[in-house]
Structure formats: C-alpha cells, structure tokens
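Hello,

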Amino acid sequence: MRKDYWPLLIAVAALALLPVILDPVGLPLRSAIDVVVFAIACLGLNVLVGYTGLVSFGHGVWFGLGAYAAALSQIHWFPDSVLLPALFTIAFIVAVSAPVGALILRRRGVYFSLLTLALAAMIFAIAYRWTALTGGESGLGGVVRANLFGFDLRDDWTYYWFVAAAAFAVCFFLLRFHSSPAGSVLVAIRENEQRARFLGYPTNRYKLLGFVVSATVVGLAGMLSVFNHRFASAEPLSVAFSGELIAMVVIGGMRSFLGPALGALFYILFREFLSIWTPHWLLYFGILFVGFIILSPTGLVGIAQRIMAPFRRQVAEEAAMAGRKLTDEPLPSFLKPADHVDGIVLEARAISKNFGALKAVEGVNIAVRDGSLHALIGPNGAGKTTAFNVISGFYKPDEGDVRLQGRSIAGLSPEAITRAGIGRSFQITNLFPALSVQENVRLAVQARHPQRFNPWTSARSIKGIESETSALIRYLGVAGIEKAEAGALSYGGQRLLDMGLALATKPRVLLLDEPLAGLAAAERQRIGDIIKRISSDVPMLLVEHDIDRVFQIADAVTVMNAGQVLVDGTVEEARTSQKVQEIYIGSGTANVAAKSRESAAEVRTVLAVEKVNTFYGKSHALTDISFNVHQHEIVALLGRNGAGKSTLLKTLIGIAPPSSGSISLDGREIAGQPAATIARLGIGYVPQGRGLFAGMTVAQNLELGRLKRETGHGIRWDLDRIFEYFPRIRERLDTPADFLSGGEQQMVAVARALSGDVKVLLLDEPFEGLAPAIVEQLFESFDKLRREVSIIIVDHHLDLALALSDRTVALERGRIIHSGPSKALRDDLDLRRKVLWL
C-alpha cells in the first residue's frame, strides 16, 4: 500500500475497534459516536489551525450552525429524512462560511483570532435569545433518525457505522486535499506567507478555501451530533466549546493528520471519567492543556514519537549539503523566455518612495536590457533596497512608474507582479524552512501551473510539475539532498535555493537581492558563475555589496547615493568614476576632516576582544576577531557593506552573542552576557537608524536610558553634562522624539546612550543621512567626547571616521584585514584604495 494511504488504514482499524475498546471501560456506544463526531470536528479545525496556521477561537460556531441547520430543516422542510437535512447542512455551511471567511480573513494574526472570537460571542447571543427559532436555553427537540437506503438509523449500532463511514469519507477527502496543490499552498502559507505571495500565489483565496473546507467539515460533525442526541442547543456556539475543540487539536497533535482525532478520544475519556469525581473537571482539563502547550507542543503524537525514537533504526547522515550531486547542465528550456527583445525589458521611471519625512528614493530611473545583468550598488542608506522593493511590489511607489515589457506594474500586489513576470529573491533568505528542498522547489514550479488551485489531485502525480521540479533541482546542484529540510542547508545552500525559488516562477526578469552576502569564497564564486550564466537567458537586476564580484559579472551598473542615481552606465564608467570612489573611500578633502585632532588615548586597555566568532544562523558573520580599545581612544571600524562592522558592534553590546571567544570590559568578562547586563556595566550603544521611542518626549527617552544604568561603572552623565555637548537638546526636552529633525534625533540617540554611567560608546553610522552642518556639529561633539569615554565608530563617511579616530580596524567578510593608525589611511589615498577599495 502507498505510504500516503497509511492514515486511512489506521482510521479504519480505529473505527472498527473503538466500540470494542470503550465498552469494557463502561462507556456506552453513544460515547463512541461522540468520539467519532468530535474527531471529525477536530480534523476539520486542523485544516485551519495545523495546516494553514490560522488560530480560530470561534470554530464551534460551524458545529452549532450545522446542528441547527440539520434540526430546523428536518423539522420544517424534510420530515423523517436524514439525507436531505445533511445535504442542506453542507450547502448552508458553504454558503455562510464563504462570505464570513472573506470578511474575517481581511485581517491576520491576532486580529483574525479576535474576529472569530467575536463571531462566536455574537452568534451564541443570537441563538440563546431567539427562542422562537432555536428554543433558546431549552434547546430544540423533535429531531428523529429515519431509514436511509434501507438501514434503520434509529438503531445505535447502525448509526455508529453510518457516522464511522462519514468519518472515513472525511479522512479520505482531507488526505487528498492536503496532498493536492491547493493543500500544499496552505502549508506554505503557514510556513511563510510573504514568500508564498512572491511566488505568485493569491494567498487570501487559498486561505478562504481552507476556511470554507474547515467550516464545512466541522458543520458536518455538528449535523452528525444532532442526530446522535436528537437535540440541538446553543452550547456548541459558545466560546467555551470552541476552546475545547482547539484544546483537543493541540493535545492530539496539530501537525499530524490523525493527531486531532486522538485528542478527541482523550477529551471524551477525560470528561467521562473525571466528571464522575468532580464537577470541576474542565479546570483540570485546562491545566492539562497548558501543560501540553509548554511541555509537548506536538501533543500526544509527539510524545509517542519520542517514546518510539530509541527503538527505530537510526540512519547516520552527514551535513545536509554533503550529499548533493553537482552538475553542469544548461538552464532548463522551460525557464527560458519565449521571446527576446533588442532593448529594454524592465524600466523604472522616476520612482520615488518616502517614509514620513525621509525621502528614501527620489526620482530614480533604472533600465534593464534583455539578456543582461544590471547591477544596483551603493553605500548603506543609498536607497537601493527600497528601489528594489518598489520594483518588485514590496512597496508601492509614491511617484513614478515601473514598466515590464511596456506594461505598467507599479502598485500591483506582489502575486500580480510575480505573475506578470518578475521573480525575486530576498536579502535575508526567505524559504519554507520546515519543508524539504523538493517541496520548496515544487511549490515555486507549481505557482505557474494551470492546476495550482486543484484541491483534489495529488501534487506529486502531476507529471508536468514533477518533471520541471526535478530538472530545476539538478540545475541548481541540490540533487541528492531533495529530502533535506530547507532550514538544515548551509547558508550557501539556502542562498542558492532562495534564488532557485525565484527562478522557478519562470520570470521574464529576475531580481536578486544580495545573493552573495555572507557566503564563503568558494560559494561566492560558484553562485556568481551561476548568476552570470542565467543572465544570458533571463535578464537580471542584482543588488549586491560585493563590488569586486559585481564588476566582474555585470553588464551595466547603476550606483545610488542618498536616494538618487549617482552613476548609470557601464562597469568601466562606474569603476573609474571619481564620484563612486568618493562615496566608498571618501575624497580626502572634507573641510570638517581637514583639521588636525589631538589624541587623548591612554595606555590602559578598557575593552579587549580576543578570537571572537559570531554566527547568524548558519552564516559565519565574524571570524576570529581580535583587537583592543584603550582608555579615551577612538577606534574606527571600516569596511564595505556586509563586512561585519555592525555585527561586531551588536556582539560587543550582547545583541548578537558570540559563539566563542572573549570580550573583556575593564578586566571583566562580558561575552555571552545579556545586552541589559552589558549596558549596565558601562557600554552605550547607538544603533543605525537611532532607534528612539516614537511618541515619547526627548526627556522620557533620556530617562529610560538613565533609569537602570546609574551603576558606578564609568562616567556619570546627568542632564547638565549632556547639555554641555548637545545644547540643542535642552530646547527640545518636551518635544516628541519623532517630531525632531534627523540631526536632532541623532543627538538624542547619542545622549540616551550616554545617559547613566558609560565607559565605552558604540556608534553605528552616526552621520548617516544628515545635512553637512549637522554632521559638523556631531563631529565636534564626538571629538570632545574622546576626553570622557572610549568610542568605537562605524560610518561610511570615511574621511570623517578617519579624521576622528586614533586607530582603524578594517574588516572584510567578517575578518580583520588591517589594523593600524588612522593617520596612515587618512593621508595616503593609495593605501586607502588598497585596503578599502577593489
């Protein structure tokens, strides 16, 4: 028997044995019927909770409405019939749940859950008070079982087998549904809805399908229940009953197909036996439910798996990427565009995007020619990722237009833009991590297939989808590890798979956002070569910080700075542009940096870093970092984008704890300590973007900075001392922080980091996005601060950083490549080019 159908065999065996098992423990046949009915309801609820990731606190509504629909239709329209009320119930639930679901699914997360809760409360109140229709608190009697196809359903045994047959039919239907293309998309939505949308799936439609299927199955269970008890009441419409259904699903195991049915059995047994001893059995059930959530989120199924694990044959496997089979196949023909044009295929015309008062992108023009690799580069804060996101549909442009093959796609939804022919990867790998490599690729391939909305046929049985999935897996070089979870791949493997998902959507233009970031040299070379080969068939817009590699593989380059295009032309034009070199390595002529600065550095070491390694997931962000900071010394951390500068600051403050190595502050080890502890020990941190508390006044921001940090570790910074360095803050104390100008916000961010007792100040891009006059004020303030505290500064304004600092530590790909006096780099532009340019 196919492995897919094992759950059906288990269900048949359980349905056959259930009455036999319950009878010896004193539970009547009607209790067995209740178990099966609740099992059906839980299987239906699990479509939403377990498979789609939507938590409904009001799904008992469909159970109650199903019961009332069957009872009322039999009493008033179909007397002495079971079949017609059953069919009416199914049709009624479908007709009602579709518009209700369309309304509720307009909200996500907790708001969706609250709307379902409100729905249950509202429907319960109506049913409880509409006595003429529902019987109110007395309920609705008069329901009868009748003959059906010659079977007398008045007999409990006959009715049990009727309910068991319905349960088997539900299992068969749901098993097919979950393995279908539509069902697989629901799992993708649970894992990563954003990625599903950027594969081209209209996720709201799929969620509505899941909602209607779930409600219909639960309503069917309500119909079976009303014929079991021959009575309908408002109780299933209550919030409490919906909570009990969720508890059954969670206790059984919501990530398994039959787990919720096991939870229903557990609930009935718990209720029947414990209610004999105490009327407060629901209290104990609630405590047990909390216990399962904390100790066994995978429910009873998870407990069984852990018990059986030692008895299963263990297969030793190497790292996920070790089993792959690399090939040198050409790009599969189905991914090649059917037509080619001799000219521009994707064009952004004067696009602008503002975030409040910040003009992130202003009047940007980008034109990608067919069969070319067009690179988009620039320093941090240049606006290139925002422009990339506008083109791909992540943001809607405030002004301008984006045209693909002459058709405007500006402002369309991500799924519509994907279907129009734009495929994109993400700066941070954006996969379905709990799904296998094969399932990830199949989902992407399936998104462009005509049967992508099929709710019945198994996705793996559709030959077109399977053949294209296999071809793409071989092309990407991940053949042999198809069964590995995407989250278990190396960082390079995840990068490659992320690019593969974008490619699988058969794009007319491929957009890649930093595909080489965080990769080792060998992976960078291999993926860079793949990108270049693909671009000859599928034109590409590439955002990448590794300008060495960009200049090797790009056909055209657009350089952005401060939200605008600085240079747009060939690789050679970008490489030799004085403007481009200035934004990356500085001009060496800035007036504010021209004055000589007197060092205040002393011999004593205040911060010592020794062989520090830091990881982001599987990405080795920092490798064996070692350097010291002396008393009253300013150290500049320099390097290109993605070199690890900001990560090093976050490691020092404890936001990104090191996996190994030592960090000593005045002789005290702080590596691995919580960020709050490190802050109280005397390190102040100014993050990139300032990170002020919007809606709070300047005074309140400073007070929060000081509240827990007057500990005696370092120089005490009260308001008067802060005003000496930042006098403008005195005038803005009662102003909300988000009403300040950018320069004033930066001053407040520094002042907040200093508030309390500080020995070392960490500054991440303090001059970013500021006007020259404000930059000069901050520069002079930092120059004065060197006599009070030690400073580590990261900033892409290299002239300023080099003029301000005593010593420079240069990073490249997470390693220190240079350490020495800043004066050498400040005065010798040739040395600066050697260390910081190509």
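**Strand pairing around β23**

Strand β15 (residues 634-638) and β23 pair in the parallel sense over 4 bridges. Here helices (H or I, at least four residues) and strands (E, at least two) are DSSP runs, numbered from the N terminus, and two strands pair if DSSP finds at least two bridges between them. Within that pairing, L638 has A810 of β23 as its bridge partner.

Before going further, please note that this is a predicted model: local features need pLDDT of at least 70, side-chain atom pairs count only at pLDDT 80 or more, and totals for chains, interfaces and linings use all residues. Residues are numbered from 1 along each chain as its sequence is written, and side-chain values use heavy atoms, with hydrogens and water left out.

Back to β23: this strand also runs antiparallel to β24 (residues 815-821), joined to it by 6 bridges. T808 has G820 of β24 as its bridge partner. The hairpin of β23 and β24 has 2 residues between the strands, and R813 there takes a positive phi near 55°. Strand β23 (residues 807-812) is mostly covered, with 5 of its 6 residues buried; buried means under 20% relative accessible area, exposed over 50%, and partly exposed in between (1.4 Å probe, protein chains only).

**The whole protein**

The protein has 33 helices and 24 strands, and its C-alpha trace spans about 100 × 65 × 55 Å along the principal axes. Of its 838 residues, 56% count as buried. Taking contacts (heavy atoms within 4.5 Å) between residues at least 6 apart in sequence, 75% join residues at least 24 apart.

**Transmembrane annotation**

The unreviewed UniProt entry lists "transmembrane region" for residues 32-54, 61-78, 84-105, 112-130, 157-175, 208-227, 247-270 and 282-304. UniProt positions are in the numbering used here, feature names are shortened, and annotations may be inferred rather than shown by experiment. I looked at two of these spans in the model. Residues 84-105 are 95% helix and 0% strand, with end C-alpha atoms 31 Å apart. Residues 282-304 are 87% helix and 0% strand, and there the end C-alpha atoms lie 25 Å apart.

How does the span of helix α11 (residues 259-277) agree with 1.5 Å a residue? Its 19 residues should span 27 Å, and the end C-alpha atoms are 28 Å apart, which agrees; the expected span is 1.5 Å times one less than the number of residues. Buried residues of α11 include G259, P260, G263, Y267 and F270. The buried residues of this helix pack against α2 (29-52), α10 (239-252), α12 (281-295) and α13.

A search of the whole structure finds 30 aromatic pairs. Rings of Phe, Tyr and Trp (its six-membered ring) pair if their centres lie within 6.5 Å; planes under 30 degrees apart count as stacked, over 60 as edge-to-face and the rest as tilted. One of the pairs is W77 with F88, edge-to-face at 5.4 Å centre to centre and 80° between the planes. W77 lies in the loop between α3 (60-76) and α4 (83-104) and F88 in helix α4, so the pair ties together parts that are 11 residues apart in sequence. W77 is exposed at 55% relative accessibility, while F88 is partly exposed at 27%. Ring pairs also link F38, F63, F241, F266, Y267, F270, W281, F285 and F292 into a cluster.

**Salt bridges**

The structure holds 36 salt bridges, each a side-chain nitrogen of Lys or Arg within 4 Å of a carboxyl oxygen of Asp or Glu. Which parts of the chain does the pair of R508 and D339 link? The closest N and O atoms of R508 and D339 are 3.7 Å apart. This pair links distant parts of the chain: R508 is in the loop between α18 (491-504) and β9 (509-513), and D339 is in the loop between α13 (299-308) and β3 (344-355), 169 residues apart. R508 is buried, with a relative accessible area of 7%, whereas D339 is partly exposed at 37%.

D555 and K532 also meet in a salt bridge (3.0 Å, N to O). D555 lies in the loop between α20 (547-553) and β11 (556-561) and K532 in helix α19 (residues 521-535), so the pair ties together parts that are 23 residues apart in sequence. Finally, R728, E731, R732 and E744 are linked in a network of salt bridges.

Best wishes
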